[in-house]
Amino acid sequence: LVRSGDDSPTIRVTATIAREHDIAWSPDGASLYFVSDSDGTESIYAATVVQTRGDLKKALEPEEVAPAEEADDTETDADEGEDVEQMEAGDDEEGEAASDDDAEGEKKKEEVKYGERWADAIRFDIAPVVQTSFNDTRPMPSPDGKTLAFLRTRGDLMMMDMESGAERLYDASWDLWRDIEWSPDSRYLAWSVNDRDFNTDVWIAPADDASAAVNISRHPDNDYAPRWSADGKVFAFLSDRQNNEADVWVVFLDRDMESMSARELREYFKDAGEAAKKREPLKIDDGEEGDDDGDDADNEASLDLEDAYLRLRRVTSHPGDESSLFITPSGERVVFSQANPDGGMVSVKWDGSEEKKLGDNGSLQQVSLTGDKVVFVRNGRAST
């Protein structure tokens, strides 16, 4: 573990003889999920910070004793009575205001403190989250933090309620390598999975009903790597339906966007980009989403899925395969790795215009929450 953007030391979270992999952050950043075979089967664990250098330093510092205030013997009974009367008159209002200020201060203090804890950590707690006789892998927490999706055995997609710990089978499969992506509002899941002819299609279903899944790619060639914009209205995936080479395809899941003029689309993406800048991680103190995370009913996307396959757009047509696909939170641009002869990490608008090369070859890992950075790995080193 290392904090991005500075020279902080790398922190070792686990030190066992087991194989540990499939890392995933909880939406609030409080826990780092991972898979370990330390118990003889692959199980899901969570690491949390229990001590930082700051905690240790604070514990060793001597406590400061505030000097006692001297009493003012010159205060008269009249003055004292007047003070008491004024205090009583404003007690409720000031007490309520102070309480609100204290609560807000504690909230901000906790958020800032938490953001520093992982980078300053020296000791962790490791606890099992899913530990059964099966092989359980690929932890995928929902953006609202209420559900943990994961794969069991050969590829069954399971759901665990994070409050009760109850598990349920969501979608059965034999394909362990299926691609799965939560919608940002946690209401839907998108996935690609092999059928019995070893062909992958992209499906979208409500998070509470996999039987209502809709095939939005519908093609005999492979479609995979589903990706959502922050509002769930713009959707991208990879498909090798042209020349047997993987290209980026995009669809507006809100059919109304199809009838927007060029000017209206510019305004839409401008507003979506501004909203993305305000996105925040899930708050750990009150369990509520940050601004513009799509948690409010007003921000829930109305998805038009049944005819989505008829509205697909091909965005790229480079020689060779595109890979490591991601979409910016606004939905305006997609980011991917381009194969030879040019190579490199590339960004392009949803309509295929304004292509930009971001850098040389690297394995893209994710786009930041606000969409201003990409994280990639090159030669074993993570960078932004």
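Analyst: The aromatic pairs come to 9 in this predicted model, where rings of Phe, Tyr and Trp (its six-membered ring) count as a pair if their centres lie within 6.5 Å. Among the residues joined in this way are Phe252, Tyr268, Phe269 and Trp350, which ring pairs link into a cluster. Because the model is predicted, local features need pLDDT of at least 70 and side-chain atom pairs count only at pLDDT 80 or more, while totals for chains, interfaces and linings use all residues. Residues are numbered from 1 along each chain as its sequence is written, and side-chain values use heavy atoms, with hydrogens and water left out.

Rings also take part in contacts with charged groups, where a charge sits over a ring if NZ of Lys or CZ of Arg is within 6 Å of the ring centre and within 35 degrees of the ring normal. The charged end of Arg241 sits over the ring of Trp249, 4.9 Å from its centre, and Arg227 lies over the face of Phe326, at 5.0 Å from the ring centre.

Turning to the strands, an open sheet of 4 strands runs in the order β17-β18-β19-β20 with antiparallel pairing; strands here are DSSP runs (E, at least two residues) numbered from the N terminus, and two of them pair if DSSP finds at least two bridges between them. Strands β17 (322–327) and β20 (356–359) each have a single partner strand and stand at the edges, so one side of each is left without a neighbour in the sheet. On average, and with direction ignored, neighbouring strands of this sheet are turned by 30° against each other, the axes being lines fitted to C-alpha atoms, with angles that run from 0 to 180 degrees between N-to-C directions. Between β19 (residues 344–349) and β20, the antiparallel pairing extends over 3 bridges, and Val346 stands opposite Lys357 in β20.

One loop also deserves a look. Asn244 is placed in the loop between β14 (234–242) and β15 (245–252), and its phi is near 60°, a positive value in a residue other than glycine. Asn244 is exposed, with a relative accessible area of 61%, where exposed means over 50%, buried under 20% and partly exposed in between (1.4 Å probe, protein chains only). For the whole protein, 41% of the 384 residues count as buried.

Note on methods
Rings of Phe, Tyr and Trp (its six-membered ring) pair if their centres lie within 6.5 Å; planes under 30 degrees apart count as stacked, over 60 as edge-to-face and the rest as tilted.
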